[in-house]
Amino acid sequence: MTAKTLDGKTVAEAVKAVVAAAVPQLGRTPGLATVLVGDDSASHTYVRGKRRDAESVGIRSIHHELPATTSQDEVIALVDMLNADDEIDGILVQLPLPDGLHSESVVERIDPAKDVDGLHPVNLGRLLLGRPGLRPCTPNGVIRILEHYRIPIAGARVVVVGRSFLVGRPLALMLSEKGVDATVSIAHSRSGELAPLTTTADILVAAAGVPTLITAAHVRPGATVVDVGVNRTESGLVGDVDFDEVAEVAGAITPVPGGVGPMTRAMLLSNTIDAARARTGRL
Ligand code: NAP
């Protein structure tokens, strides 16, 4: 292996240390509410991790668990209650919601000032306009890990594979913002052959949810490869990148697990502190 491993766990710990140091400065205990509907086991694991992370940095975790039979009105009523609760700075509704519930209306109901996932249309709109707001955690984490390892972003050619509202599109916007200054292309399932595009990238981000989509043939020698993918396979948790093969070609690469995943979790805490700071002035 020739590529440098970009260890997300180390960077996430650094972000968490900054958050933990910021908590006492607030003068009150910040609160993060998690809402989990149904019995999806992966969602339960994710939320457990997020709650543990919050408590570990001094953020109070308030958890609401609802059965899969919960109605849309009941979920909305809970969100309204959390919006009105001054002790709660961040609200995270774990997605996906069970069939029959409308995720978009639930997310839109969250007070944008408490939208620590950064997925409310107001916050995504602010991102589009280049105005301050809560940014989505995974794209934020990708940028933070690149910055930590001093991978040049300004002027870099970046290819993002995946155009979801959760990862690909907000990441492309964030990377091309004034002051970040990458030149970004987005690929998706209708892009055709990926290699002619992806081999132009100084930084290649894979966020498609397809195991081993990215092989050595997709990577320019020396490029940085960020693997956002999390795929559960018979051989365990894998990303979208064939790590062993690509690590022989790339200059730097994030592992799965231990790359973008811990960064996503850390950025949730960072957003919660940002939300608490912004709200503290108004309480
Ligand atoms: P998603 O909503 O399913 O979007 C996947 C995107 O990839 C779509 O834009 C799709 O194109 C594109 N795509 C699918 N197959 C492709 C192919 N063969 N070639 C090129 N593009 C292709 O998924 P997501 O929510 O963005 O998540 C993507 C991956 O990241 C998943 O594995 C997810 O588990 C993981 N993830 C990880 C974290 C983390 O913290 N590490 C956080 C969020 C998500 P179309 O638009 O044309 O369908």
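This is a predicted model: local features need pLDDT of at least 70, side-chain atom pairs count only at pLDDT 80 or more; totals for chains, interfaces and linings use all residues.
Strand 4 makes the greatest contribution to the lining of the largest cavity, supplying three residues.

The largest cavity holds about 50 Å³ of space. Its lining consists of Ile91, Leu92, Val93, Leu95, Val107, Ile110, Asp115, Asp117 and Leu119. Sorted by class, seven of these lining residues are nonpolar, none is polar and two are charged.

Let me turn to the second largest pocket, which contains about 180 Å³ of space. Which residues line the second largest pocket? They are Leu95, Ser103, Glu104, Val107, Glu108, Leu119, Pro121, Leu124 and Phe165. Two helices, helix 4 (103-109) and helix 5 (121-129), each provide at least two of the lining residues. Helix 4 gives the most, with four residues. By class, the lining of the second largest pocket comprises six nonpolar residues, one polar residue and two charged residues.

I now come to the largest pocket, with a volume of about 1,300 Å³. It is lined by 44 residues, of which Tyr46, Thr138, Val230, Gly261 and Thr264 are the closest to its centre. Several elements give two or more residues to this lining: helix 2 (41-56), strand 4 (90-93), helix 6 (137-148), strand 9 (231-233) and helix 10 (260-280). Which element provides the largest share of the lining of the largest pocket? That is helix 2, with eight residues. In terms of class, the lining has 23 nonpolar, twelve polar and nine charged residues.

The next topic is the ligand. It is surrounded by 22 residues, and the closest are Arg163, Ser164, Ser189, Val230 and Thr264. Val230 and Thr264 are also among the residues closest to the centre of the largest pocket. A polar side-chain atom of arginine 163 is 2.7 Å from an oxygen atom of the ligand. In the side chain of serine 189, an N or O atom lies 2.5 Å from an oxygen atom of the ligand. Histidine 188, by contrast, takes part through its backbone: one of its polar backbone atoms is 3.5 Å from a nitrogen atom of the ligand.

On the overall arrangement, the domain assignment of the protein chain gives domain 1 (28-114) and domain 2 (136-260). The centres of the two domains, taken over C-alpha atoms, are 29 Å apart. Each of the two domains supplies at least three residues to the lining of the largest pocket.

Finally, a word on one residue of helix 1 (residues 8-22), namely valine 18. Is valine 18 buried or exposed? Valine 18 has a relative accessible area of 60%, so it is classed as exposed, the cut-off being over 50%. Between the C-alpha atoms of valine 18 and alanine 223 there are 30 Å, and the two residues stand 205 residues apart along the chain.

That concludes my presentation. Thank you for your attention.

Methods: Residues are numbered from 1 along each chain as its sequence is written. Side-chain values use heavy atoms; hydrogens and water are left out. On a 1 Å grid over the protein atoms alone, a cavity is a set of points where a 1.4 Å probe fits but cannot get out, and a pocket is an open set with protein on both sides within 12 Å along at least five of seven lines; lining residues have an atom within 4 Å of a point. Grid points are joined across faces, edges and corners, and a volume is the space filled by probe spheres set on the points. Ala, Val, Leu, Ile, Met, Phe, Trp, Tyr, Cys and Pro count as nonpolar, Asp, Glu, Lys and Arg as charged, and the others, Gly among them, as polar. Domain bounds come from an automatic or database domain assignment. Buried means under 20% relative accessible area, exposed over 50%, partly exposed in between (1.4 Å probe, protein chains only). A residue is near a molecule or strand if one of its heavy atoms lies within 4 Å of it. A polar contact is a pair of N or O atoms within 3.5 Å; within protein, one must be able to donate a hydrogen and the other to accept it, and residues adjacent in sequence count only if both atoms are side-chain atoms.
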